[in-house]
Amino acid sequence: MSQWPSTKATRVLAALQRIGWQIKRQSGSHRTLSRQGWPDFVFAFHDGDEIGPRMLSRIAKHTGLTPENLWAIAMVTSNYPFERTRSGGLRRKRTPDTVLTTAR
């Protein structure tokens, strides 16, 4: 099992920016990111695209991104509390407001 959760491209881009990557230029959905001490990286995803675990690990190899960076972004950018699943992914935490009850 992968330690990477599937996540949206906007969350991945936010995590990359949080660890020091900056958008150098953009052409359509292709964003060239730069960070001192690293070669430029082309982030070629639309904002709503779902990025799977395998692609996330490839991005991490070139950018230094970690699963903890994505976890931190999920906690900061969401209105909902999240928790880790057994496989290492993220899911919305169940709260009394989200649990359906049949008793009145």
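Which strand holds Phe43?

## Phe43 and its strand

Phe43 sits in strand E4, which covers residues 41-44. Strands here are DSSP runs of E with at least two residues, helices are runs of H or I with at least four, and both are numbered from the N terminus. This is a predicted model, where local features need pLDDT of at least 70 and side-chain atom pairs count only at pLDDT 80 or more, while totals for chains, interfaces and linings use all residues. Residues are numbered from 1 along each chain as its sequence is written, and side-chain values use heavy atoms, leaving out hydrogens and water.

## What surrounds Phe43

Phe43 is buried, at 0% relative accessible area (buried means under 20%, with a 1.4 Å probe and protein chains only). Leaving aside residues up to four places away in sequence, Phe43 touches Ala9, Val12, Leu13, Leu16, Ser29, His30, Arg31, Leu33, Ile51 and Ile59; contact means heavy atoms within 4.5 Å. Arg31 is twelve residues away along the chain, yet its C-alpha atom is 5.1 Å from that of Phe43.

## The sheet and its helix

E4 belongs to an open, antiparallel sheet of three strands in the order E2-E3-E4. Strand E2 (22-27) and E4 are the edges, each pairing on one side only. On average, neighbouring strands are turned by 30° against each other, direction ignored. Pairing takes at least two DSSP bridges between two strands; E3 (residues 30-34) and E4 have four. Across that pair, Thr32 stands opposite Val42 in E4.

Helix H1 (residues 9-18) packs on this sheet and touches E2, E3 and E4. The direction of H1 makes about 155° with that of E4; axes are lines fitted to C-alpha atoms, for helices over the stretch in contact, and angles run from 0 to 180 degrees between N-to-C directions.

Note on methods. Buried means under 20% relative accessible area, exposed over 50%, partly exposed in between (1.4 Å probe, protein chains only).
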